[in-house]
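Please walk through this model with its pocket, its charged pairs and its backbone in view.

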Amino acid sequence: MRINLTSVFVDDQAKALRFYTEVLGFVKKHDVPLGADRWLTVVSAEQPEGTELLLEPDGHPAVGPYKRALAGDGIPAASFAVDDVRAEFERLRALGVRFTQEPTQMGPVTTAVLDDTCGNLIQLTHQH
């Protein structure tokens, strides 16, 4: 058994696609129109056949309160592995990305948390 798809709820799929591809560096995998929304997934450029991230519309009535509660409590909606959190922090900050947590070492792991501009906090992490 493997994880092949996971999702983040986004308030605007076009804006999310721009952020996740142009800023974070993911690559669009699927973009299928579904009425007003799309089946829109991105993958790691390093693993194009790897786990897909669905940029899922947040229109369901339960999603807004859920996203606000997570973000309000500083809880990331997703976690992405990087080779060097500090280097990614500097790269992304130079692109104007807002961080809610600067790189922080916690034992064998360093993490940072960014705002994805679509209502989510995203954690970056690497193990030493």
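This is a predicted model: local features need pLDDT of at least 70, side-chain atom pairs count only at pLDDT 80 or more; totals for chains, interfaces and linings use all residues.

**From a loop to the pocket and the charged pairs**

Thr-117 sits in the loop that links β7 (109-115) to β8 (121-127). Thr-117 has a positive phi of about 70 degrees, although it is not a glycine. For comparison, most residues other than glycine have a negative phi. The relative accessibility of Thr-117 is 40%, so the residue counts as partly exposed.

The next stop is the largest pocket. Rolling a probe the size of a water molecule over the atoms shows where empty space is left. In this model, the largest pocket holds about 720 Å³ of space. Its lining consists of 27 residues, and those nearest the centre of the pocket are Phe-26, Ser-44, Phe-80, Ala-81 and Val-82. Several elements contribute to the lining: β1 (5-10), β3 (37-43), β4 (52-57), β5 (78-81) and α3 (85-94) supply at least two residues each. Which element gives the most to the lining of the largest pocket? Strand β5 does, with four residues. By residue class, the lining of the largest pocket divides into 14 nonpolar, eight polar and five charged residues.

Together with Leu-5, Val-32 and Leu-34, Trp-39 makes a nonpolar surface patch of about 320 Å².

The charged side chains come next. Side chains of opposite charge can pair when their charged atoms come close. A search of the whole structure finds eight salt bridges. One of the salt bridges joins Lys-15 to Asp-11, with 3.4 Å from N to O. Lys-15 is partly exposed at 27% relative accessibility, and Asp-11 is partly exposed with a relative accessible area of 42%.

Another salt bridge pairs Asp-58 with Lys-67, and here the closest N and O atoms are 2.8 Å apart. Is Lys-67 buried or exposed? With a relative accessibility of 7%, Lys-67 counts as buried.

The side chains of Arg-93 and Glu-90 form a salt bridge at 2.9 Å, N to O. These two residues are three apart in helix α3, so about one helical turn separates Arg-93 from Glu-90. Arg-93 is partly exposed at 41% relative accessibility, and Glu-90 is partly exposed at 42%. Elsewhere, salt bridges with shared partners join Lys-28, Asp-31 and Arg-38 into one network.

Lys-28, a member of that network, lies in strand β2 (residues 27-34). Its relative accessibility is 44%, so Lys-28 counts as partly exposed. How far apart are Lys-28 and Val-43 in sequence and in space? They are 15 residues apart in sequence, while their C-alpha atoms are 6.5 Å apart in space.

Technical notes: Residues are numbered from 1 along each chain as its sequence is written. Side-chain values use heavy atoms; hydrogens and water are left out. On a 1 Å grid over the protein atoms alone, a cavity is a set of points where a 1.4 Å probe fits but cannot get out, and a pocket is an open set with protein on both sides within 12 Å along at least five of seven lines; lining residues have an atom within 4 Å of a point. Grid points are joined across faces, edges and corners, and a volume is the space filled by probe spheres set on the points. Ala, Val, Leu, Ile, Met, Phe, Trp, Tyr, Cys and Pro count as nonpolar, Asp, Glu, Lys and Arg as charged, and the others, Gly among them, as polar. Patches are made of residues with over 30% relative accessible area and no salt bridge: like charges are joined within 9 Å, nonpolar side chains (Val, Leu, Ile, Met, Phe, Trp, Tyr) within 5 Å. Accessible areas come from the Shrake-Rupley method with a 1.4 Å probe; for residues, only the protein chains shown count as cover. A salt bridge is a side-chain nitrogen of Lys or Arg within 4 Å of a carboxyl oxygen of Asp or Glu. Buried means under 20% relative accessible area, exposed over 50%, partly exposed in between (1.4 Å probe, protein chains only).
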